[in-house]
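These are my notebook entries on a structure that is new to me. I set down in turn what I looked up.

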Amino acid sequence: MISHFQLKPFYKNSSLPGWHLSFFFKGKRITATYHKDGQIDFDEAASFSTEEKEQVEKQIHELMLFHVYE
């Protein structure tokens, strides 16, 4: 489960898509980039199993819908 989810737009004009993300997963701080097409690039320190990565990506998409697109 993701906790302490934070996002920051790439650009000062927040209407342009693209965000820097940070959150905690299993007690470890993770940073990522969320692109306008929904692609998520995790930092090199992020190590997930395939199942965990799918779970985290799903949670991030849901959080982005709530925080950005609604």
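**Entry 1: a starting residue.** Does F42 count as buried or exposed? I found that F42 counts as buried, at 18% relative accessibility. Here buried means under 20% relative accessible area, exposed means over 50%, and partly exposed lies in between (1.4 Å probe, protein chains only).

**Entry 2: the basis of these notes.** I am working with a predicted model, in which local features need pLDDT of at least 70 and side-chain atom pairs count only at pLDDT 80 or more, while totals for chains, interfaces and linings use all residues. Residues are numbered from 1 along each chain as its sequence is written, and side-chain values use heavy atoms, with hydrogens and water left out.

**Entry 3: the sheet.** I looked up the strands next. Strands (E, at least two residues) and helices (H or I, at least four) are DSSP runs numbered from the N terminus. Four strands make an open sheet in the order β1-β2-β3-β4, with antiparallel pairing. Two strands pair if DSSP finds at least two bridges between them. β1 and β4 are the edge strands, each pairing on one side only. On average, neighbouring strands of this sheet are turned by 25° against each other, direction ignored; axes are lines fitted to C-alpha atoms, for helices over the stretch in contact, and angles run from 0 to 180 degrees between N-to-C directions. In general, the strands of a sheet pair through backbone hydrogen bonds, either parallel or antiparallel.

**Entry 4: the pairings one by one.** I noted that β1 and β2 run antiparallel and are joined by six bridges. In this part of the sheet, Q6 stands opposite S22 in β2. β2 and β3 pair in the antiparallel sense over seven bridges, and F24 stands opposite R29 in β3. For β3 and β4 I found antiparallel pairing over three bridges. The bridge partner of A32 is F42 in β4.

**Entry 5: the hairpin and positive phi.** β2 and β3 form a hairpin with two residues between them. K26 lies in the loop between these strands and has a positive phi of about 55° although it is not a glycine. K26 counts as exposed, at 64% relative accessibility. I also looked at H4, which has its place in strand β1. H4 has a positive phi of about 55° although it is not a glycine, and its relative accessible area of 60% makes H4 exposed.

**Entry 6: the nonpolar core.** Which residues touch the most other members of the largest nonpolar core? Of its 16 residues, these are L21, F23, F42, V56 and I60. β1 (2–9), β2 (19–25), β3 (28–34), β4 (40–42) and α1 (50–69) each supply at least two residues of this core. With four residues, β2 gives the most to it. A nonpolar core is a set of buried Ala, Val, Leu, Ile, Met, Phe, Trp, Tyr and Cys residues joined through side-chain atoms within 4.5 Å. I also recorded that β2 is largely enclosed by the rest of the structure, because five of its seven residues are buried.

**Entry 7: contacts of V56 and I2.** I then listed contacts (heavy atoms within 4.5 Å). Leaving aside its neighbours within four places in sequence, V56 is in contact with I2, F23, F25, F42 and F48. I2 has its place in strand β1 and counts as buried at 11% relative accessibility. With neighbours within four places in sequence again left aside, I2 is in contact with F23, F24, F25, V56, Q59, I60 and L63. I2 and Q59 are 57 residues apart in sequence, yet 7.3 Å apart in space, C-alpha to C-alpha.

**Entry 8: the aromatic rings.** How many aromatic pairs does the structure hold? I found three. Rings of Phe, Tyr and Trp (its six-membered ring) pair if their centres lie within 6.5 Å; planes under 30 degrees apart count as stacked, over 60 as edge-to-face and the rest as tilted. F25 and F48 form an edge-to-face pair, 5.5 Å centre to centre and with 70° between the planes. This pair links distant parts of the chain, with F25 in strand β2 and F48 in the loop between β4 and α1, 23 residues apart. F25 is buried, with a relative accessible area of 5%. The rings of F42 and F48 have centres 5.1 Å apart and planes at 70°, so this pair is edge-to-face.
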